[in-house]
Amino acid sequence: ISPLSTLPALDTVYLEYNPVASDFEYRKKVKALIPSLNQIDADLIAGLNANGFHSTGGGVVETHEAQMRRLQEIALTKARAESELKKVEP
């Protein structure tokens with residue numbers, strides 16, 4: 001992933017189902033490594049505004065910390081769903 005950080009205009013990456021996605025916090029780490037990203041997988045990640053907050057559209061603004069928590073919740077939900085699916089599979 002680190003070579004992608006040399007692409008200053010990189011806007012979107014899809015890493016879902018890639019081995020890097022097995023890391024619980026991969027979205028957080030990828031965003032920190034590639035600040036230009038506005039989307040990781042199907043999740044839009046808005047950039048910082050002039051006040052250091054993230055805009056999520058519709059006038060909603062959140063701090064970087066809140067955005068990272070939201071991304072972690074998305075990752076947790078996905079992990080729980082995958083875990084439940086594995087319990088059902090024969």
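Reader: So which loop is D41 in?
Author: D41 is in the loop between β2 and β3. Keep in mind that this is a predicted model.

Reader: Noted. Is D41 buried or exposed?
Author: Buried: D41 has a relative accessible area of 1%, and the cut-off for buried is under 20%.

Reader: What's up with phi of D41?
Author: Phi there is near 55°, which is positive although D41 isn't a glycine. Y17 has a positive phi too, near 70°, and isn't a glycine either.

Reader: OK, where is Y17 found?
Author: Y17 is in the loop between β1 and α1, the helix covering 26–33. Y17 counts as exposed, because its relative accessibility is 72% and the cut-off for exposed is over 50%.

Reader: Switching to the sheet: what order do the strands have?
Author: The order is β1-β2-β3, in an open sheet of 3 strands with mixed pairing. β1 (12–13) and β3 (43–44) are at the edges with a single partner strand each, so one side of each has no neighbour in the sheet.

Reader: And how do β1 and β2 run?
Author: They run parallel, with 2 bridges joining β1 to β2, residues 39–40. V13 sits opposite I40 in β2.

Reader: Zooming out, how many helices and strands does the chain have?
Author: There are 2 helices and 5 strands. Starting at the N terminus, the elements go β-α-β-β-β-β-α.

Reader: Last one: what share of the chain's residues count as buried?
Author: 23% of the 90 residues. The chain exposes about 6000 Å², with 60% of that supplied by carbon and sulfur atoms.

Note on methods. Residues numbered from 1 in each chain as written. Predicted model: local features only at pLDDT ≥ 70, side-chain atom pairs only at ≥ 80, totals over all residues. Heavy atoms only, no water. Pairing = 2+ DSSP bridges. Helix = DSSP H or I, 4+ residues; strand = E, 2+ residues; numbered from the N terminus. Buried < 20%, exposed > 50% of the residue type's maximum accessible area, 1.4 Å probe, protein only. Areas by Shrake-Rupley, 256 points an atom, 1.4 Å probe, with all protein chains shown as cover.
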